[in-house]
There are 2 protein chains.
Amino acid sequence: MAYQPLTEETAIALAKEIGYFSQEAAVTCSEIGDGNLNLVFHIRSGEKGIIIKQALPYAKVVGESWPLSLRRATIESNALTTFAKYVPELVPEVYYHNEELAVTVMEDLSHMTISRKGLIEGEDYPLLSQHIGTFSAKTLFYTSDFGLEAQEKRKLDGTFVNPDLCKITEDLVFTDPFGNYETNSYEPELQEAVEELWSDEALKLRAAQFKYKFLTRKEALMHGDLHTGSIFATPTETKVIDPEFATFGPIGFDLGHFLANLAMNAIARPADKREILFYHIENTWKVFAETFTTLWETAETEAYTKQTGWLPLVLEDIFADIVGFAGCEIIRRTIGLAHVADLDGIADTEAKLAAKRHALRLGRALLLARGADISIFRKEFAATQERKEVQA
Amino acid sequence: MAYQPLTEETAIALAKEIGYFSQEAAVTCSEIGDGNLNLVFHIRSGEKGIIIKQALPYAKVVGESWPLSLRRATIESNALTTFAKYVPELVPEVYYHNEELAVTVMEDLSHMTISRKGLIEGEDYPLLSQHIGTFSAKTLFYTSDFGLEAQEKRKLDGTFVNPDLCKITEDLVFTDPFGNYETNSYEPELQEAVEELWSDEALKLRAAQFKYKFLTRKEALMHGDLHTGSIFATPTETKVIDPEFATFGPIGFDLGHFLANLAMNAIARPADKREILFYHIENTWKVFAETFTTLWETAETEAYTKQTGWLPLVLEDIFADIVGFAGCEIIRRTIGLAHVADLDGIADTEAKLAAKRHALRLGRALLLARGADISIFRKEFAATQERKEVQA
């Protein structure tokens with residue numbers, strides 16, 4: 001079966017062929033993807049539903065199309081099934097994957113809401129941080145050298161070589177926002193603030209160092225794109241989706257992105273609605289650190305996990321990485337190619353510009369931070385909110 | 001052609017079949033390997049000669065046999081041809097490789113001497129450090145994210161997944177020598193010094209951290225086993241051989257091992273013959289840093305190499321890794337499974353024990369060192385030589 005993009009008709013045929021629906025079933029099908037990277041078909045018959053996701057051989061992210069390996073569909077499917085070994089309750093179930101068609105058939109989560117959308121609308125997801133802290137601690141620990149025999153980990157690493165998607169992160173997160181690259185996108189009113197960043201040599205040095213960590217530190221299987229748009233939520237349930245950027249990388253990368261996206265949502269909210277975001281930021285780290293510690297003590301494969309004094313140093317390094325990666329993510333989501341609806345969606349123009357200036361100052365503070373604890377998000381949020389505009 | 005170990009007869013037949021010798025040529029063949037991991041045939045006809053190296057499916061390193069993937073022969077051949085792109089003058093030429101037979105046919109270097117043997121016999125190789133500094137700088141730079149596009153580097157990394165051989169390093173270099181493991185091997189007279197190491201929590205914490213660097217930091221294509229026994233030398237020429245441990249890892253690993261082996265040779269020499277070793281240690285780093293700097297400025301693929309202030313930090317990190325890895329190597333070569341002839345070959349028993357105690361103190365000092373410069377090898381050599389035996 002050679003690759004070709006599915007249509008609603010061929011998607012239905014596939015769903016019946018793999019036996020999820022009988023040949024006679026009356027089904028409905030709608031394509032619900034944003035069409036940039038993937039086709040996403042929602043197929044239903046009565047109470048039963050499935051999602052069929054198919055990778056497209058290009059991305060429409062930079063105006064024209066950008067070729068992207070179809071293999072990312074297999075990476076995504078393999079990542080979901082790997083994560084399901086450790087946190088089956090926090091990822092959609094994969095029913096079927098076809099590498100040649102770049103198709104994955106998976107659990108229908110249409111009763112849930114994308115958490116970014118919900119948070120923007122003021123929804124409360126009281127278990128979000130509990131679930132994401134657990135997700136990250138378990139998936140990262142069990143695919144790291146602390147919780148997976150080194151030989152198995154090296155082999156697994158070899159199955160998640162993901163150069164195309166990593167290049168997107170390398171360019172759009174770490175390089176382009178820190179210099180005058182044509183992929184950047186921001187309001188003309190931000191020019192002065194942007195040039196201030198670009199002339200900040202200490203900041204760009206940190207960006208270089210965090211890019212290098214992303215390029216070289218193969219610590220564990222990251223989701224690779226764990227922002228609030230990659231998480232379905234309800235008040236009681238959380239599901240992490242879309243790990244097509246999955247590859248081995250620094251343990252702190254995923255939570256850096258998640259906390260950055262919570263912080264950007266906080267920036268976009270009225271002052272009296274922010275506390276829940278700081279609660280989630282702080283609780284995510286608390287749950288992560290506690291869960292990781294428990295696994296370190298009970299599920300370790302590495303002899304040196306018994307070494308007195310090592311765990312605190314490991315957690316300290318992970319935390320420092322989270323903070324730095326969060327800084328990069330906030331900056332790139334404000335002035336780089338891919339924005340967040342939390343900030344872009346602010347209706348009042350002056351308020352939006354003020355929010356984005358705040359985001360740039362917060363991102364800078366986090367990327368430059370050293371030796372902090374989790375209260376840094378709350379503290380730097382306040383410190384960078386109050387600061388007067390600085391002339392470049 | 002299914003795998004089977006070559007004999008002298010089938011090795012000759014292979015050499016003729018690949019056309020290196022005519023079918024009629026009168027050739028001689030002798031097996032010159034140590035028989036532990038590989039068969040090595042030296043085939044000659046008049047002035048012409050070749051080496052045929054074949055991997056065995058086991059290693060005889062721990063008394064009984066230890067299964068090892070034959071794929072290491074392909075890793076070795078691929079590493080040699082990758083290195084040859086950058087330093088053809090410093091590696092043997094590969095004429096032929098057959099993955100299924102785990103056979104590599106390569107340049108005959110029998111006019112040269114293994115540098116460990118030569119150094120033990122008091123030979124002088126004035127260009128050794130110049131050549132090895134150049135070898136490491138070029139092979140590591142051009143396979144790192146500084147000198148190879150990230151997408152290409154991620155793909156290359158995926159072709160050097162080498163779990164079996166890495167496990168040998170993980171266990172025998174980083175874990176076993178730092179605890180009471182049965183693979184360790186040392187004279188009963190060293191028991192007290194060994195137990196002092198094993199009760200040194202700060203030292204074991206550093207060993208854990210350097211093991212973790214080896215496990216996770218995929219910075220560049222390492223040789224993986226760059227000791228003086230993996231280097232052929234003459235007064236004018238140097239050839240690096242045997243990269244079957246090649247995999248992506250920390251840039252400082254190879255030179256850590258090389259400098260450690262020079263230091264152990266210095267320990268084994270009379271005091272008035274040591275200066276050449278310190279010269280080589282210091283010149284290796286000097287040549288490496290200068291060559292790496294030139295490549296950083298002229299052959300970079302990473303935009304951030306233009307970032308003011310980054311190169312000094314990168315070199316500082318590489319240097320710190322070299323020193324720490326050197327410390328691990330000296331300790332494991334003294335009390336671990338695989339020793340060096342430099343120390344084991346000291347004829348006088350008391351002198352040998354004194355040399356090994358010195359090695360343990362030097363290894364410990366290097367593994368604990370922070371913020372040093374290259375004079376640390378000379379300084380700590382002196383400091384650890386003079387120190388009185390300490391009661392555990």
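Student: In the hairpin of β2(A) and β3(A), which residue takes a positive phi?

Tutor: The model is a predicted one. In that hairpin two residues lie between the strands, and A:G46 takes a positive phi near 60°. The strands themselves, β2(A) (residues 38-45) and β3(A), run antiparallel and are joined by eight bridges.

Student: With which other strand does β3(A) pair in the antiparallel sense?

Tutor: β3(A) pairs with β7(A) (residues 103-107) over five bridges; there, A:K53 has A:T104 as its bridge partner.

Student: Why is β3(A) described as largely enclosed by the rest of the structure?

Tutor: Burial is judged residue by residue, with under 20% relative accessible area as the cut-off. Seven of the eight residues of β3(A) (residues 48-55) are buried, so the strand is largely enclosed.

Student: What is the area buried between chain A and chain B?

Tutor: Interface size is often expressed as the accessible area lost when the parts come together. Here the value is about 3800 Å², of which carbon and sulfur atoms give 56%. On the side of chain A, A:R154, A:Y212 and A:Y304 lose the most area, together 22% of what that side buries.

Student: How many salt bridges are counted between chain A and chain B?

Tutor: The count is six. One pair in a salt bridge is A:R154 and B:E170, whose closest N and O atoms are 2.9 Å apart. Polar contacts across the interface comprise 16 residue pairs. Of the elements of chain A, α8(A) gives the largest share of the side touching chain B, eleven residues. By class, that side has 19 nonpolar, nine polar and 15 charged residues.

Methods. Residues are numbered from 1 along each chain as its sequence is written. Chains are lettered from A and ligands numbered from 1 in the order in which they are written. This is a predicted model: local features need pLDDT of at least 70, side-chain atom pairs count only at pLDDT 80 or more; totals for chains, interfaces and linings use all residues. Side-chain values use heavy atoms; hydrogens and water are left out. Buried area is the accessible area (1.4 Å probe) that two parts lose on being put together, summed over both. A salt bridge is a side-chain nitrogen of Lys or Arg within 4 Å of a carboxyl oxygen of Asp or Glu. A polar contact is a pair of N or O atoms within 3.5 Å; within protein, one must be able to donate a hydrogen and the other to accept it, and residues adjacent in sequence count only if both atoms are side-chain atoms. Helices (H or I, at least four residues) and strands (E, at least two) are DSSP runs, numbered from the N terminus. Ala, Val, Leu, Ile, Met, Phe, Trp, Tyr, Cys and Pro count as nonpolar, Asp, Glu, Lys and Arg as charged, and the others, Gly among them, as polar. Buried means under 20% relative accessible area, exposed over 50%, partly exposed in between (1.4 Å probe, protein chains only). Two strands pair if DSSP finds at least two bridges between them.
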